[in-house]
Amino acid sequence: MGRQPNLYSFADVDNDLVPNLRKFVLDAQNEAFKRHDVFRVAVSGGSLPKTLAKALLAPSSGEDDKVDFSKWEVFYADERCVPLTHEDSNHKLVQEEWLNKIPSDMAQPKVFTIDEKHLEDAQEMAEEYEKRLVAVFAARDSVRLPQFDLLLLGCGPDGHTCSLFPEHPLLRETDAWVLSIADSPKPPAKRITLSLPVVLAGTKIGFVATGGGKKEILKKIFETEDGSKLPCGLVNEGAGEKVSWFCDQAATEGVAFPRRGSVI
Ligand SMILES: O=C(O)[C@H](O)[C@@H](O)[C@H](O)[C@H](O)COP(=O)(O)O
């Protein structure tokens with residue numbers, strides 16, 4: 001039981017999910033500050049940055065509810081091999097949805113983008129991004145896996161997360177921290193992604209999945225044997241109670257997995 005992920009289902013995204021997501025992120029931030037005075041977070045693209053920004057840019061309601069971006073280090077859980085100004089870039093999305101909206105009296109987080117020098121070669125890009133992680137998380141040979149304080153991920157309609165797609169050989173990777181993919185079923189084809197072991201090593205993992213379009217896949221992930229082998233299911237299986245799902249009722253309709261109330 002204790003190994004089960006938390007599945008939160010909220011009536012409304014803006015009024016219920018967003019404040020609960022804020023509490024979850026700020027608890028992770030405050031715990032990380034106590035541990036090492038920095039908050040290392042990996043974020044995905046898709047619909048996540050918009051919801052996350054609503055949570056993070058809401059007004060503070062007390063001492064435990066303060067965002068301190070000056071001590072945030074933001075990484076990409078996955079990124080597309082396109083220029084940082086391209087409309088497919090996850091960084092561009094995060095900038096537009098979140099970073100550019102941070103009020104000028106607040107600090108900006110430190111953001112680790114891909115190196116545009118390697119756009120042509122996804123493998124080179126992955127190696128380069130891994131080097132950036134090594135520089136932050138200490139030498140590769142002294143740390144088996146980087147430990148993010150929090151990973152904030154989305155869930156695709158096929159059960160993919162990051163750029164780890166169902167039945168893809170990348171799911172079997174045990175060594176590399178950052179992987180390249182040249183045949184992503186979701187365009188654009190060339191991407192880099194954190195590996196499954198890196199995701200599982202995170203201190204906390206939060207999924208955000210909202211809207212009726214997620215209903216079928218959530219049912220599959222939480223209720224079927226096949227679903228537990230999908231990338232999102234593998235995260236649930238491998239990281240158990242470290243995982244929390246922030247969903248709305250439209251996404252969880254008919255999912256029999258025991259609902260948990262809320263974080264707040
Ligand atoms: O770069 C990407 O393509 C994303 O990181 C991807 O993993 C996303 O999180 C899911 O596809 C869910 O996306 P939605 O939340 O938009 O459904």
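A residue is called buried when its relative accessible area is under 20%, exposed when over 50%, and partly exposed in between (1.4 Å probe, protein chains only). By this rule F137, with a relative accessible area of 9%, is buried.

The model is predicted: local features need pLDDT of at least 70, side-chain atom pairs count only at pLDDT 80 or more, and totals for chains, interfaces and linings use all residues. Residues are numbered from 1 along each chain as its sequence is written, and side-chain values use heavy atoms, with hydrogens and water left out.

**Aromatic pairs**

Rings of Phe, Tyr and Trp (its six-membered ring) pair if their centres lie within 6.5 Å; planes under 30 degrees apart count as stacked, over 60 as edge-to-face and the rest as tilted. The count comes to 14 aromatic pairs. Two of them are set out here.

| Pair | Centre distance | Plane angle | Class |
|---|---|---|---|
| F10 and F246 | 6.3 Å | 10° | stacked |
| F137 and F148 | 5.0 Å | 70° | edge-to-face |

Helices (H or I, at least four residues) and strands (E, at least two) are DSSP runs, numbered from the N terminus. F10 lies in strand β1 (residues 6–10) and F246 in strand β10 (residues 243–248), so their pair ties together parts 236 residues apart in sequence. F10 is buried at 4% relative accessibility, and F246 is buried at 0%. Ring pairs also join F10 and F246 with Y8 and F24 in a cluster.

In the other pair, F137 belongs to helix α4 (residues 122–137), while F148 is in the loop between α4 and β6 (150–153), 11 residues away. F148 is buried, with 0% relative accessibility. R40 lies over the face of F137, 5.2 Å from the ring centre; for this, CZ of Arg (or NZ of Lys) must be within 6 Å of the ring centre and within 35 degrees of the ring normal.

**Helix α4**

Which residues of α4 are buried? They are A122, M125, A126, Y129, E130, L133, V136 and F137. Because these residues cover an arc of only 135° around the axis, they are on the same side of α4; the arc is that of the directions from the helix axis to the C-beta atoms. An α-helix has 3.6 residues a turn, so residues three or four places apart point the same way. The face of α4 turned away from the buried side carries the exposed residues K131 and A135.

At the start of α4, a side-chain oxygen of D121 comes within 3.1 Å of the backbone nitrogen of Q123. After α4 comes A138, with a positive phi near 85°.

Conventions: A polar contact is a pair of N or O atoms within 3.5 Å; within protein, one must be able to donate a hydrogen and the other to accept it, and residues adjacent in sequence count only if both atoms are side-chain atoms.
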